[in-house]
Amino acid sequence: MKKKNKDSYVIEEDDYAMEIYYNYFYESETWEDPENEELEIDKVQLQSKLTRQDGDEEWVTTDITDFYFQQLDTEAIEDQILQKERDNE
């Protein structure tokens, strides 16, 4: 069985949301080849709530793809994405 999926995964809190855009590929084991599973992160965006001086709130979106790879423990997040894809099989 082959599965290819392009999707996003959102981690949402009260004041922010992080959206991770990814490509997922899965190929089940065959007689000749072992099981193959790949996850490729394309882009990561952070949407954060900003309160202006007049008290109004707005959402600001920032591309944090470089920060994601350089500063975060990506393994835990990517395990959550893989589990989401496995649950959808």
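Tutor: In strand β4, W59 is the bridge partner of K49, and this pair belongs to the 7 bridges that join β3 (residues 36-51) to β4 (residues 57-63) in an antiparallel arrangement. Strands here are DSSP runs of E with at least two residues, helices are runs of H or I with at least four, both numbered from the N terminus, and two strands pair if DSSP finds at least two bridges between them. The model is predicted, so local features need pLDDT of at least 70 and side-chain atom pairs count only at pLDDT 80 or more, while totals for chains, interfaces and linings use all residues. Residues are numbered from 1 along each chain as its sequence is written, and side-chain values use heavy atoms, with hydrogens and water left out.

Between β3 and β4 the hairpin has 5 residues, and G55 takes a positive phi near 95 degrees there. Strand β3 is also joined to β2 (residues 16-27), antiparallel to it, by 12 bridges, and V44 in β3 stands opposite I20.

S48 also lies in β3, and it counts as partly exposed because its relative accessibility is 25%, where buried means under 20%, exposed over 50% and partly exposed in between, with a 1.4 Å probe and protein chains only. Leaving out residues up to four places away in sequence, S48 touches D15, Y16, E58, W59 and V60, contact meaning heavy atoms within 4.5 Å.
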